[in-house]
Amino acid sequence: MKANFLILLDCSVGELIKIHLTEQEKIESESYQDFEEFIYTLEDKYDFKLSNCSWMSCEVLSERSY
């Protein structure tokens, strides 16, 4: 599966963060054996702390709100 989106749930502030990865970020992510190590490199750019978050990656983003 190719990760196009990164979804983070920041439990410390109750925030949902949706990141549409750029082509450059997708290429860079492939150089890491562990995708989570790549996510750590995005913390400053997107202003989050992975230690406070649960995350998932997906190829196609689908969402529902009730």
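This report looks at salt bridges in a predicted model.

## The count

Side chains of opposite charge can pair when their charged atoms come close. In this model, the count comes to four salt bridges. Among them are Glu30 with Lys2, Lys18 with Glu63, and Glu23 with Lys26.

## Glu30 and Lys2

The side chains of Glu30 and Lys2 meet with N and O 2.8 Å apart. This pair links distant parts of the chain, 28 residues apart. Glu30 sits in the loop between helix H1 (23–29) and helix H2 (35–40). Lys2 lies in the segment before strand S1 (5–10).

How exposed are the two partners? Glu30 has 56% relative accessibility, so it counts as exposed. Lys2 has 38%, so it counts as partly exposed.

## Lys18 and Glu63

In the salt bridge of Lys18 with Glu63, the closest N and O atoms are 2.9 Å apart. This pair also links distant parts of the chain. Lys18 belongs to strand S2 (residues 15–20). Glu63 is in the segment after strand S3 (53–58), and 45 residues separate the partners. Lys18 is partly exposed, at 43% relative accessibility.

Lys26 is buried, because its relative accessible area is 8% and buried means under 20%.

Note on methods:
Residues are numbered from 1 along each chain as its sequence is written. This is a predicted model: local features need pLDDT of at least 70, side-chain atom pairs count only at pLDDT 80 or more; totals for chains, interfaces and linings use all residues. Side-chain values use heavy atoms; hydrogens and water are left out. Helices (H or I, at least four residues) and strands (E, at least two) are DSSP runs, numbered from the N terminus. Buried means under 20% relative accessible area, exposed over 50%, partly exposed in between (1.4 Å probe, protein chains only).
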